[in-house]
Amino acid sequence: MTTSLVSLEGISRVYHLGRNEVHALRGVDLTIEPGEMVAIMGSSGSGKSTLMNLLGCLDSPTTGEYRLDGVRVNDLGKNDLADLRNQKLGFVFQGFNLLARTSALDNVELPMLYDRSNRFADSKGLAAQALARVGLADRFDHQPSELSGGQQQRVAIARALVMQPRLLLADEPTGNLDSRTSIDILALFQELNDQGITIVLVTHEADVARYVRRRVEVRDGRIIRDDAVLERRRAADDLALMPAGGAA
Amino acid sequence: MNLATLVKVATQSILRHKLRMALTMLGIVIGVAAVLIMIAVGQGAQTRIAEQIKNLGTNLIVITAGTSNSGGVSQGAGTFNRLTEDDATKIKREATLLAGVSPVVFAPTQAITASGNWRTVVNGVSTDYQVIRDWTTQSGVFFNDADVRTARKVAVIGSTIAKNLYAGTDPVGQQIQLRNVPFTIIGVLNSKGQTAGGADQDDVVVIPYTTAKTRLSGRSGGWSRISQILASTNSASDLPAAQEEIRAIMRESHKLGDDAYDDFTIRNQDELADAAQGTTKVMSWLLAAIASISLLVGGIGIMNIMLVSVTERTREIGIRLAIGARQSDVMTQFLIESVVISSLGGVIGIVIGAAGSLVLGQITGWSTAIPLSAVVIAVGFSAAVGVFFGLYPARQASRLDPIQALRYE
């Protein structure tokens, strides 16, 4: 168990909204091994966003134990959580969440500005490498407003990758994209996963789950299904079959 | 995140909102410039007044006729003129600390020359007057003791008279009629300019007091009396002692009993200077205080914009927190932003303030130099304004919950 990248044991999360107690998660157990590509599925209100926030060290569980890469997250203070997010996690959001009026390169460089381990000597160079890795080698100076949705999400993925995280967390990464661009981005995720990066996708779209290795379904704060994807599709192949013309 | 990076990040976000930040900065710019200009004006006024007082003469003591007291009822200054030539002579003879003593008789007179006439004031004085007033001649000479002793009809004129009655020519050796008595001009005094009160010190004719008494008296009869006695000491530190000495001599000369009030008044220019300096100092502090209110208003403007900025950039803060910024990183970033705005505003304010006081100096002719201390205080104060008014918004920013901040639309 200790070798697992993510280990959740008996996790519950209770919110207090006025006098009401909202049980967002009710005893969740989940382990994710290095190299996996997992989709966490569920409808709105199922608790998948809460699970995502807990995995991302943005929130703490009410009960239960969370270990990330061997570190017991429950015991950590705010500064340690911030450092953990910085060093071990990469975030990709539905709304891209890039800094406006800031070049792609500066956006990707951002996590390195908060790095306290001083392991990056040439932050500009590494940011450029990360951008090249997601296929945006020619867009360094572009601001988000000058990029298409797919390109913006690629910048966000480059920003998530630049710190060489243990886990890439993507919250509805294709929610704001058209179907062709969605598959394009999923192809990128598959490519990164093939290179050994562990990825967790949170989504409510069943289509997205066809491209991952493992599917975890959440409903009413509990995991109701957790199985491997048998007929896993390659996004790159699907993309080749689609009619050309959609914006990349 | 080191300081250089923080400043860079802060500068970047300031540059993202150029117009807004420029307007925010304007409050500080105006505040600092106003404070500096007010301080410069105050300093200029003080310097100006000090110069004017120095122009009156060095370490001047003025003795004027004081109050007469009839039956316990004070009649007010100058009501009974008890200053006489003897008083001046006695002071001159007995006082030990004085550089010079001169009786002064004033008489407004129409001065007539071949080319025109001019209303002026004739001062009848002794030769010590030149020492007391520290007044040199630009041409010719001042009259000497022999002129005073023999009551010769010689006159020394001020530069205003020379300009108006002898334009283009040297008045020395020419005639001037004072109350129908012809005088020979033997000297022209250097210009002293205006007094603090605006009176022209150069609009004057100076003659021996003996001549004034013998030649010009008759019509009014007031000439035998002395308007005032002027004296001076060699150093300012002697002034209090010299004043006491004069007072003792005057009381003896006037045969005043132990319980009688002085029937004369002794003032020195230090008192005059202190009063004038005090007034301008209060004025300049008052002006600077009013100006610093605009600095305060500028600070509130910064706080307002920073609060707006925090709300508007909630998502940005969420992103930064999600990718690993600590609360202190966010707080420092916003604090540095407000300090950069206010300090930059302060620097621009200093430039404008310096330029403004330079222009003002050109217009008024005052020496409106800004003291270095004022510049240092202005920069320090504007940075402090940035910290003070930036602290609350920065705290608000750092305390945001990253989950909610990321969801903020």
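1. In chain A, four strands make up an open sheet, ordered S2-S1-S4-S5, and their pairing is antiparallel. Strands here are DSSP runs of E with at least two residues, helices are DSSP runs of H or I with at least four residues, and both are numbered from the N terminus; two strands pair if DSSP finds at least two bridges between them. Strand S2 (20–32) and strand S5 (71–72) of chain A lie at the edges with a single partner strand each, so one side of each has no neighbour in the sheet.

2. This is a predicted model, in which local features need pLDDT of at least 70 and side-chain atom pairs count only at pLDDT 80 or more, while totals for chains, interfaces and linings use all residues. Residues are numbered from 1 along each chain as its sequence is written, and chains are lettered from A and ligands numbered from 1 in the order in which they are written.

3. Within the sheet, strand S1 (residues 6–17) and strand S4 (residues 63–68) of chain A run antiparallel and are joined by five bridges. A:Val6 has A:Leu68 in S4(A) as its bridge partner.

4. Helix H5 (residues 149–161) and helix H6 (residues 179–194) of chain A pack at about 20°, with axes 10 Å apart. The axes are lines fitted to C-alpha atoms over the stretch in contact, and angles run from 0 to 180 degrees between N-to-C directions. H5(A) is therefore roughly parallel to H6(A), a term for angles under 35 degrees. A:Gly149, A:Gly150, A:Gln153, A:Arg154 and A:Ile157 of H5(A) meet A:Thr181, A:Asp184, A:Ile185 and A:Leu188 of H6(A). By class, the residues of this contact are three nonpolar, four polar and two charged. Nonpolar covers Ala, Val, Leu, Ile, Met, Phe, Trp, Tyr, Cys and Pro; charged covers Asp, Glu, Lys and Arg; polar covers the others, Gly among them.

5. In chain B, H11(B) and helix H12 (residues 372–398) pack at an angle of about 150°, their axes being 7 Å apart. These two helices, H11(B) and H12(B), are therefore roughly antiparallel, the term for angles over 145 degrees. Their contact holds 18 nonpolar, 12 polar and one charged residue.

6. The contact between the chains draws 18 residues from chain B and 18 residues from chain A, contact meaning that C-beta atoms, placed from the backbone, lie within 7 Å. On the chain B side, helix H1 (3–16), helix H10 (314–322), helix H11 (327–364) and helix H13 (402–407) each give two or more residues. H10(B) gives the most, with five residues.

Conventions. Contact = placed C-beta atoms within 7 Å. Parallel < 35°, antiparallel > 145°, perpendicular 65-115°, else oblique.
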